[in-house]
Amino acid sequence: MPNIRARLLVVLVVLCGFLTVAGSPSATAATVPDSLWFDGASLTVSNGRFTDSLGREIVLRGYNVSGETKLEEHDGLPFASVADARKSATALRALGGGNSVRLLLSWAHAEPARGQVDTGYLAAVTDQLRAFLDLGIRVYPDFHQDLYSRYLFDDDSWYTGDGAPGWAVDAGTYPDESCGICFFWGQNITQNGAVKAASYDFWHNAHGLQDAFLATAQQTMAYVAQHLSAGEFAGVVGFDPVNEPYAGTYDPGQTSRTWEKDVLWPFYAKFRARMDAAGWQDKPAFVEPNLFWNANIDSQKQVGGLLDAGPLGSRYVFNTHFYDQKAISGILMWGKAGDGQYATDFGTVRDRAAAAGTTAVVSEFGHPLSGTVSDKAPTVLKAMYQALDSRVPGARWWSSPATSGPVLSGSQWQWDLYNGRHHELMNGNPGKVLTGGDAWNDEDLSAVRLDDAGTVTLRQDARLLDRVYPSATSGATVAFTYEDRSRDGSTTLTWSPVPASLPNVAQLVGSGQYGLLVWRSRGGTAPTELHLPASFPTAATTVVSDLGAVSAPPVYTSTTPVAVAAEPGGTGSRRLLLTASDTDVLHYALVTNGAASPSTALLTAARTELAAWAARTVG
């Protein structure tokens, strides 16, 4: 769920997942095109990181697929067809640089009548999910909800919701929905009496609503597990039980913190048990705290972050969202975002996950691409990606790389092929047909659209979206940064310039993009991988590393320390592979598309500078 939800808040709770269902897994799927021997390994959480079975640290980057699930025009599915799902997956890999997606599901469509799971819907969802797995893109499903349910809203309402089925709304007695004086849909979360009461009922299992949801979620998960091959299922990394949970109303004497402890966490424990029963026992639950725990407007912020859940360990991932509510407000942040704008906000996410003994994912972040605050989008998104990469602002990164912290996984909101081409009857009203933007509560956050020829086209700067990032690190990541040189209008944004103290590195990079990874080896034989954007064609790519300094790196072999290869999926996307099988050795690698055909002397001089820099700043 996106959010123009803007500064105000966001969601309610309803969805989660659990399952039952029988059946045997399908036959093993064909090998994903362009796969190498180390691809396709299943993920776990170990030592506070996503880790594959080869011991490499994994970073998940991608998008939410998609807000289309919140609409009725395609019956609560992310796509109109499997063909559209394949088109989306191909573009997401080739244009967006993604290696993972958060795939939205609808409780209303999974269980349209109480106790009756629609296996036709589950089959369609599984087929669309498989379209991503077939390209080597990892998936974590999410039973999505916003404002509890569309069935709470009148057909002439200014707002709508998604999530719970009609029968769940009919089970309760709720006031006529009204937000009062509201400027953003998210205000309904705390101001709409119907939304608040229905959410409260769900969390307190009134009318058996939570039990019904958990049963449907279990059946959904079991169906997916049983209708994917073992190889395909390895690409499903976990499940997001509920989107943006909120109490609706607190009981007398209850606080946001005690609500998380006494209501939200017990729900997650039940969900975890349903995952185990459905055959997902080796996959983590991606659990979200109270949605206001990290609001960046003080009046909205509430104490939370699953502080009393104890160590989460390998069975849970700390899963949160971040939107700059000040920027979206149009009032509380007049200017644009700058270098290090969200270093503290995302640093808090890192710290909370570390304290809980697990890894973190920012499963939603974004900014409106049309409307009065859309001019902030280029800088806001650049700052958010910068904060995912490192907790250190660009101006200080070269002098303090060791304090970068882990590279965060994240899923941008959103990747909707149908942006601007919808045909949604809002709340079932044929007199209110929505076609523009995301066709949901005036939101417009999709990074893509289809042009008139049906071709997937980016709506944001490719330099911002298709990024260098360490998708797999054979060892422990020490520091990472990426200067994307993305643009705000005609202005090129450079927030992490190479310092003058490294003149040969600066000459090599020039005005080009660059990424720099520092890591410590652990004796693994599988290579470290960095995604190479389309702006890094092999002929224009230069790598300077302690493993070698090369321009136009060669094709990968197991004995080539610095090499390139296609990413899985056959989409044409590529990766840099760095092989070092030693143990407890500090390595560095700078990759740039700056200087064309640099001389051997420049490469050697840049390598000498980087070696001294790494020894001095990291040791």
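**A chat about Ala-383 and the rest of the chain**

Ala-383 lies in helix 12, which covers residues 377-389.

User: Hi! Before we dig in, what kind of model is this?

Analyst: Hello! This is a predicted model.

User: Good to know. Back to Ala-383, then: buried or exposed?

Analyst: Ala-383 counts as buried, because its relative accessibility is 0%, and the cut-off for buried is under 20%.

User: Nice. Which residues does Ala-383 touch, leaving out those up to four places away in sequence?

Analyst: Ala-383 touches Ala-337, Gly-338, Gln-341, Tyr-342 and Trp-495.

User: And how far apart are the C-alpha atoms of Ala-383 and Trp-495?

Analyst: Those two C-alpha atoms are separated by 9.3 Å, although Ala-383 and Trp-495 are 112 residues apart along the chain.

User: Let's zoom out. How many helices and strands does the protein chain have?

Analyst: There are 16 helices and 25 strands in the protein chain. With a radius of gyration of 23 Å, close to the 25 Å that the globule rule gives for 619 residues, the chain is as compact as a globular protein of that length.

User: What does the C-alpha trace span along its principal axes?

Analyst: The C-alpha trace spans about 75 × 55 × 55 Å along those axes.

User: How much of the protein chain counts as buried, and what about the area it exposes?

Analyst: Of the 619 residues, 62% count as buried. The protein chain exposes about 20,200 Å², and carbon and sulfur atoms supply 53% of that area.

User: What about contacts across the sequence?

Analyst: Taking contacts between residues at least 6 apart in sequence, 78% join residues at least 24 apart.

User: Switching topic: how do helix 6 and helix 7 pack?

Analyst: Helix 6 (residues 193-203) and helix 7 (residues 209-226) pack at an angle of about 70°, and their axes are 6 Å apart. Angles of 65 to 115 degrees count as roughly perpendicular, and helix 6 and helix 7 are therefore roughly perpendicular to each other.

User: Which residues make that contact?

Analyst: Helix 6 brings Asp-201, Phe-202 and Trp-203, while helix 7 brings Leu-209, Gln-210 and Phe-213. The residues of this contact divide into four nonpolar, one polar and one charged.

User: What's in the loop between helix 6 and helix 7?

Analyst: His-207 lies in that loop. His-207 has a positive phi of about 60° although it is not a glycine.

User: How accessible is His-207?

Analyst: His-207 counts as partly exposed, because its relative accessibility is 41%.

User: Where else is there a positive phi in a residue other than glycine?

Analyst: Asp-584 is one of them, with phi near 55°. Asp-584 has its place in strand 25, residues 583-592. At 52% relative accessibility, Asp-584 counts as exposed, since the cut-off for exposed is over 50%.

User: Last topic, cis peptide bonds. What about the one from Val-65 to Ser-66?

Analyst: The Val-65 to Ser-66 peptide bond is cis, with omega near -20°. Ser-66 is found in the loop between strand 4 (61-65) and helix 1 (82-94).

User: And the bond from Trp-413 to Gln-414?

Analyst: The peptide bond from Trp-413 to Gln-414 is cis too, with omega near 0°. Gln-414 lies in the loop that runs between strand 10 (409-412) and strand 11 (424-425).

User: Great, thanks for the tour!

Conventions
Residues numbered from 1 in each chain as written. Predicted model: local features only at pLDDT ≥ 70, side-chain atom pairs only at ≥ 80, totals over all residues. Heavy atoms only, no water. Axes fitted to C-alpha atoms, helices over the stretch in contact; angles between N-to-C directions. Helix = DSSP H or I, 4+ residues; strand = E, 2+ residues; numbered from the N terminus. Parallel < 35°, antiparallel > 145°, perpendicular 65-115°, else oblique. Contact = heavy atoms within 4.5 Å. Nonpolar A, V, L, I, M, F, W, Y, C, P; charged D, E, K, R; others polar. Rg over C-alpha atoms; globule rule 2.2 N^0.38 Å. Buried < 20%, exposed > 50% of the residue type's maximum accessible area, 1.4 Å probe, protein only. Areas by Shrake-Rupley, 256 points an atom, 1.4 Å probe, with all protein chains shown as cover.
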